[in-house]
Every structure is written in structure tokens, then in C-alpha cells.
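Take a look at the structure below. The text then walks through it step by step.

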Amino acid sequence: MQASTLIPELEEYGRARAAGILSRAALQVESDGMNPEVSVHADEQAIRDRIIEKVVAHVRQSKPGAASDEIKQRVLEFLDEETSKFESPVNEQSAIERLSADASLPSDVYAIELDESLKRMIKDLGFDDTSLAIQTIRTPEFEQHFGSAVEEGPKANSLFARWFAPEAKDDRFLLLVICFRKGDILKVNQFWRIYPKNIPVVSGDKLTDIIKRFSDAYGTPFKIGRWQGKYLYNARIPVTEDDFEDSLKIGGREGQSIAGTGTVSRDGDFWNVSFAVSINVDKYKRDVSRHLRHEKMRSQRNFAPPGAPD
Amino acid sequence: MPGPILYSTNPYFSVEVARKYRDGNFYAWCSEVFSAGQQAGDAPTSLVAASSDPRTVYEQLKRAVESEDEHDGRIEGYKKTFKRLASSWFASGEITEEQRDEIQALCKKPSWKLWRPLLYVVPRLPVESRLTLVKPHKRAGPGLEYTISDLKAAEFDIIELPWTR
């Protein structure tokens, strides 16, 4: 790549140093010298001033009569372009993958996908909270993330929650969403309405505490290998001759509708399983439907004309 | 009399960058008052200009984030500043190439959460000797403003306010 012809002085420096000088020249112009990064490198003040002077003259020449704000913008654009000529290119894809792996990528950056088992469960339920789940992921009130830095926890899960219907004392609920991160995709595995009327929600609770309580109330026992219970927070299970579908034994009486779901990813000879639950969908649907009926009645009352009977 | 508390509004991303890439050193441009408009009329602290008033900056930034204003000049400015800072830090060996890529990749991503405002509340006394008074011609108004570039997490509180005017 050609170094700048307008600023031949930069040839004396290595590419990295030249990029640094140019980026600090831009910071100097942008902040009117107030950015502390400018004063940290005071030894290069002379070359920076020369560069800025040349670029300003160049811009003024190409845009005679331009207002000072416009000149400043163009000078900054020029300096940014020059910086990029000296820099190694940004590897955005691998940066995003690293940020996702250590749970540093903000949730509104991910593409959201719904797990197939979740889509089937939504059909069974007869009501669909997908749009609320997306709102919860994009603008959560509570978040809990697990990433590569957490040794003894799920590896790439993110939990989000948000209150809905806050004005309705008995029918307000916390929507709790459980996702698995892979690169810039957030795969939604589960979402549940948590009504404090049915499941206690205590200030200071971690979202994992709430899932546990929810599983105690709505779960049915299930089995993975030798493990049995209503809720599996995190486990590493050896792959057997049977595939995972066969080794996951979900209980429940005949005729009951059960949703078994969790985050499962294969790592060599092991399955990593997180947030596995087996929920009695009939029971969950019955309780949520009761709240939905209340919500509907309340909204009808709110829209009734004045003087109408309750 | 100087105010005992300093206030500074910054985007969430500043906190992320300070914690993850700057060894816990926070930068802040501070004012002696949170809201210049709520000071007694002739108090010197009422002279802070709107563009440096922490409350005004907070409200403007919050509104831009909530309305997902893609043309908000302040957010665009933050993105450009962080890209330039990442280039500068990498060039002087303060961060790795991977870290530079992460900061610059995040600046390119269409996130609103990164730019939501946070209020730094800084007790003045412990940091007094490290404050730099902003020269009058570099302030937006006659009110006093300060910068500090090595604020530590234990020296201040970070607040996310629930309201807007």
C-alpha cells in the first residue's frame, strides 16, 4: 500500500508508529487538544502539528470558502483515511467470535434464531411470546452471562429477563429467556413467563435461581445418563453408543404434554448440557391462560364507556 | 466554594473499554454540578454550558438510544473517537492487535446498548490532585470543568438513571 504522498514525513516512521501519529492527530483536531491521548505523546507534537497544518491547507484548497465546521470534518475524514492506509486490516469476524465467546458482545448485535423444539412448544401452548422474548433480549432489565472465563458454569449461555404488565399487580410477569451464543447468532432455547403470584421472585435473585424455582414448580423428572432430576444447570456427559436423544428420558404420565429443552453442544466425546428442564406444558399453559384471561378482562374494563357496569 | 462531588456522563462503552482494555483506568470530563439549570441563578455553578452539563448530555444520549437515532452526532462522535483511540493504543503497544480489532468491530456494529448513558459520581477530595482544569477557551461556557484520565473504579460510583425529562 502506498504511504501518503501529502505527508512524506511519515515515511521516516514505521507503519504502526505512523498510524499512531495520524490517529492522535485526528484526536487532537477532534478534541481541540483536550483528549489525554494527545498529551501522553507530547514528543511527537511537532510532527502532528505539521501534519494537521498540511491537511488543513489541502482541505481549504479543495473546498475554498467552506465553513470551519466542514473543514474540521473533512480534515478528520482525511486523517482517518490516512490512518487506515498504515494499519493492518481489522479482522472483524474473529473479533466478534471472541467477544461472543467471552460474553462481551451486546445482546442487540446478535441475529436471533429460535430453536426448533421451542417452535414446537409455542404451537402446543397456543400463545406466542416470541416478540416479547425479542424485546427482552434487545432491551433486558436483567442479564446473566456465562462464557469462556467461567470455569464451572455453562459455556456460552446468556439469560435475559424483563418485566411486563407492571401495572397489573396479580398479572405482572417476568419473561425469562435462555439463549445459547454461537458467533453473532443467539439461539433462543426457552422463554417462560414467571408470575410472582405463582413463583416467588426475590429482589437480588440471580436468573439461575428463578429458573430453578420455576423448574421445581412446573418441571417433571427427566434423566440423562445416570443423572435424574427436574433441572440440570450444567453438566458434561460422555457420549454413549446411544445418541443424546435416546439417552434423554423424559418422564410424565401418559397424555401429559411435556417440553424437554436445554442447551446441548457436542465437545469431542462429551455433550455439554446447560439449563435442561422438562416442563409440564399443560400445567404452565393452564396457569398462564388464567393470567391472560385476567389481563383481557382488565383491558375490557379499561375501555368500557363511563357508567358501564363492571 | 468548589463542589464536593463531580459528575460526568459517559456511554456504557467507555466503562467496557476502561475495564477490559485500559487496566481499569477511566477517563472523565467532569462538572461540579449535575444539572446547571437547577442551580441558584447567580451561582457560578449555573454557568456550565448545556453541551457540558451532565444532565443535559445524559438526557440527549438516552433519547438518542431509546429512539435509535442513527444520525445522532454524539454517538457517531463516540464511535469515531474510540476507533481513533484503539488505533493509537495499538500503535503504542498498549493493546494487542486483537484488542484493537474488538474495539473497532464493536464501534461498527449497530448496537444501542453500547451507547446508553451512565453517570459517574466522583467524590472530589481523593482525586483533587489529579484533576486538570479545562482552560476557559476549551470550555463550552464560563462554568468550571475538569478532566481526569486515571480514575479508578473504587474512586467513583456509576449510576444508570431510570428517567428522562
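A:Lys85 and A:Glu82 form a salt bridge, with their closest N and O atoms 2.9 Å apart. The model is predicted. Why can these two side chains pair? Both belong to helix 4 (residues 68–86) of chain A, and they sit three residues apart, so about one helical turn separates them. An α-helix has 3.6 residues a turn, so residues three or four places apart point the same way. The two partners differ in cover. A:Glu82 is buried, with a relative accessible area of 3%. A:Lys85 is partly exposed, at 30%.

In chain B, the side chains of B:Arg116 and B:Glu160 meet at 2.8 Å, N to O. This pair links distant parts of the chain, 44 residues apart. B:Arg116 lies in the loop between helix 4 and strand 3 (117–123) of chain B, and B:Glu160 in the segment after strand 6 (157–159) of chain B. B:Glu160 is partly exposed, with a relative accessible area of 44%.

B:Arg130 and B:Glu155 also meet in a salt bridge, at 2.8 Å from N to O. They are 25 residues apart. B:Arg130 is in the loop between strand 3 and strand 4 (132–133) of chain B, while B:Glu155 is in the loop between strand 5 and strand 6 of chain B. B:Arg130 is partly exposed, with a relative accessible area of 25%. In chain A, shared partners join A:Arg17, A:Arg24, A:Asp43, A:Glu44 and A:Arg48 into one salt-bridge network. Over all chains, the count comes to 35 salt bridges.

Now consider chain A as a whole. It has 310 residues, and buried residues make up 45% of them. Chain A holds 10 helices and 11 strands. Take its contacts between residues at least 6 apart in sequence: 60% of these join residues at least 24 apart. The chain exposes about 16,300 Å², and carbon and sulfur atoms supply 50% of that area.

One residue gives a close-up. A:Gln144 lies in strand 2 (residues 142–145) of chain A. Is A:Gln144 buried or exposed? A:Gln144 is buried, with a relative accessible area of 15%. Its side chain reaches the backbone nitrogen of A:Leu207 at 3.0 Å. Leaving out residues up to four places away in sequence, A:Gln144 touches A:Asn157, A:Ser158, A:Leu159, A:Lys206, A:Leu207 and A:Thr208.

Next comes helix 1 of chain B. Seven of its 10 residues are buried, so the helix is largely enclosed by the rest of the structure. The buried ones are B:Phe13, B:Ser14, B:Val15, B:Glu16, B:Val17, B:Ala18 and B:Tyr21. B:Asp23 follows the helix and has a positive phi, near 60 degrees.

Where do the two chains meet? The contact takes 36 residues from chain B and 40 residues from chain A. Together they bury about 3,000 Å², 53% of it on carbon and sulfur atoms. B:Arg84, B:Lys109 and B:Lys113 supply 23% of the area that chain B buries against chain A, more than any other three residues.

Eight salt bridges run between chain B and chain A. One of them joins B:Arg100 to A:Glu87, at 3.7 Å from N to O. The chains also share 22 residue pairs in polar contact. Helix 1 (12–21), strand 2 (26–31), helix 3 (73–91), helix 4 (97–108) and strand 5 (145–151) of chain B each give two or more residues to the side that touches chain A. By class, that side has 13 nonpolar, eight polar and 15 charged residues.

Terms used: Residues numbered from 1 in each chain as written. Chains lettered and ligands numbered in written order. Predicted model: local features only at pLDDT ≥ 70, side-chain atom pairs only at ≥ 80, totals over all residues. Heavy atoms only, no water. Contact = heavy atoms within 4.5 Å. Buried area = accessible area lost by both parts, 1.4 Å probe. Salt bridge = Lys/Arg side-chain N within 4 Å of Asp/Glu carboxyl O. Polar contact = N/O pair within 3.5 Å; in protein donor to acceptor, adjacent residues only side chain to side chain. Helix = DSSP H or I, 4+ residues; strand = E, 2+ residues; numbered from the N terminus. Nonpolar A, V, L, I, M, F, W, Y, C, P; charged D, E, K, R; others polar. Buried < 20%, exposed > 50% of the residue type's maximum accessible area, 1.4 Å probe, protein only. Areas by Shrake-Rupley, 256 points an atom, 1.4 Å probe, with all protein chains shown as cover.
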